[in-house]
Amino acid sequence: MRHADSRELTPRGQRVHGPLIITYHYIRENAASGPPALSPTDFRRQLDLLLERYQIWPLSHIATMVAEGGFLPADVCALTFDDGLNEHYTVAYPELLQRGISGTFFPSSGPLLDGVLLDVHQIQQVVAAASVAQINERLRDLLERHAQKELLSALRRAHANSTETSRFDEPNLRFLKRALQRDLPNGLRQEVVHALYAEFVGVPERTMSAELYATLPQLRQMVRGGMEIGGHGSSHPWMTALTRAELEREFVESRRLLGEVYGSGAVPRNAVFCYPYGDHDLAVEREARRHGFAAGVSTEHGRVAAGARPFAIPRVDTTHVLEFISGEL
Ligand SMILES: [Zn+2]
């Protein structure tokens, strides 16, 4: 999916105004062997800066205003936390509580209901532990063993012709991540990811899963403390690449998790869905609505401008927040 131009100018060159929805992932000290993270100190600093300039609202309030098509204030911001990470409970939640503000958390259901370590995190750990060249070499060996030697070069040719971009990764890394997250055939893809994870990381997946994610009791406690929990799929797939049946399962399991967190029958009607990797199209949006979600947030970059669609609400990653606060964007 094409990302909006980062300067956020309308065709007439006016700046776009509207609420700011911020995306957080890892909030921890950066470790040499781990994926890039926002340090807890920088997180606290960012919260305090935001509080000086914005009213911080629960995301569902902004989503409701978008759905109603009304006026969207520019001095409002919402905080969203993807993937149900452990530090969202241990680090983010206490900071939000202390400041009397709410955040919206998007755990995938697979880790909580089935104890799995999501592909996305296996791949992040592999990429943090080995170089692109090392991973490519092993990947070639693994595919050769499955008599799929030509597959990688075919994918590389397809990727070279694609207009897909990434705000964060250089092209070789982006190609590798897309191949492992989405482009290799299902079944083989999972097998290859598990094999690379076992070789380059080696921590048993169940152990890593138990360390990486917040637990159900923790999420329930966060709800009692005024936080919102939304859907983020079950296995964290690229949703536009799924079959109908697979897509159905992702939403059914997301709802099942929300039932476990809120108590079935108590899942809020304004629950929001967060598309894994921000990947969505009209068919995915329709399914999100059909499964009882009131809105959908993506990774399209920018403020929530007038006319935004409730199932395609843009966000801004924490790494770009300072540019917005300083008025550059
Ligand atoms: Zn995610």
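The numbered points below walk through a predicted model of a protein, from its overall build to single residues.

1. Overall build. The protein holds 14 helices and eight strands. Its radius of gyration is 20 Å, close to the 20 Å that the globule rule gives for 329 residues, so the protein is as compact as a globular protein of that length.

2. Burial and contacts across the chain. Of the 329 residues in the protein, 40% are buried. Among the contacts with a separation of 6 or more, 69% are accounted for by residues 24 or more positions apart.

3. Division into domains. Domain 1 is made of two stretches, 20-107 and 214-325, while domain 2 covers 119-206. The centres of domain 1 and domain 2, taken over C-alpha atoms, are separated by 27 Å. Seven residues from domain 1 and eight residues from domain 2 take part in the contact. On the side of domain 1 that touches domain 2, the residues by class are three nonpolar, four polar and no charged.

4. The pair of helices α6 and α8. Helix α6 runs over residues 132-145 and helix α8 over residues 171-183, and the two pack at an angle of about 35° with their axes 11 Å apart. The crossing of α6 and α8 is left-handed. On the side of α6 the residues that meet α8 are Val132, Ile135 and Asn136, and on the side of α8 they are Asn172, Leu173 and Leu176. By class, this contact of α6 with α8 has four nonpolar, two polar and no charged residues.

5. Valine 193 in helix α9. Helix α9 spans residues 188-200, and valine 193 is found in it. Valine 193 has 22 other C-beta atoms within 10 Å, and because the threshold for a buried residue is 20 or more, valine 193 counts as buried. Leaving aside its neighbours within four places in sequence, valine 193 is in contact with Asp119, Gln122, Ile123 and Leu180. As for valine 272, it lies 79 residues from valine 193 in sequence and 30 Å from it in space, C-alpha to C-alpha.

6. Glutamine 190 and leucine 180 are ten residues apart in sequence, and their C-alpha atoms are 8.0 Å apart in space. Asparagine 186 sits in the loop between α8 and α9, and with 13 other C-beta atoms within 10 Å, asparagine 186 is partly exposed.

7. Threonine 215. The loop between α10 (205-212) and α11 (216-224) is where threonine 215 is found. Threonine 215 counts as partly exposed, with 15 C-beta neighbours inside 10 Å. Threonine 215 and leucine 112 are 103 residues apart along the chain, yet their C-alpha atoms are separated by 6.5 Å.

8. Two residues with a positive phi. Most residues other than glycine have a negative phi, and a reader checking the backbone may want to look at two exceptions. Aspartate 83 is not a glycine, but has a positive phi of about 85°; aspartate 83 is placed in the loop between β3 (76-82) and α3 (86-99). The phi of tyrosine 277 is near 60°, again a positive value in a residue other than glycine, and tyrosine 277 is found in the loop between β6 (272-274) and α13 (282-290).

9. Surroundings of these two residues. Are aspartate 83 and tyrosine 277 buried or exposed? Aspartate 83 has 24 C-beta neighbours inside 10 Å and therefore counts as buried. Tyrosine 277, with 21 other C-beta atoms within 10 Å, is buried as well.

Methods: Residues numbered from 1 in each chain as written. Predicted model: local features only at pLDDT ≥ 70, side-chain atom pairs only at ≥ 80, totals over all residues. Axes fitted to C-alpha atoms, helices over the stretch in contact; angles between N-to-C directions. Helix = DSSP H or I, 4+ residues; strand = E, 2+ residues; numbered from the N terminus. Left-handed = near helix turned anticlockwise from the far one by under 90°. Contact = placed C-beta atoms within 7 Å. Nonpolar A, V, L, I, M, F, W, Y, C, P; charged D, E, K, R; others polar. Domains from an automatic or database assignment. Rg over C-alpha atoms; globule rule 2.2 N^0.38 Å. Buried ≥ 20, exposed ≤ 12 C-beta atoms within 10 Å, placed from the backbone.
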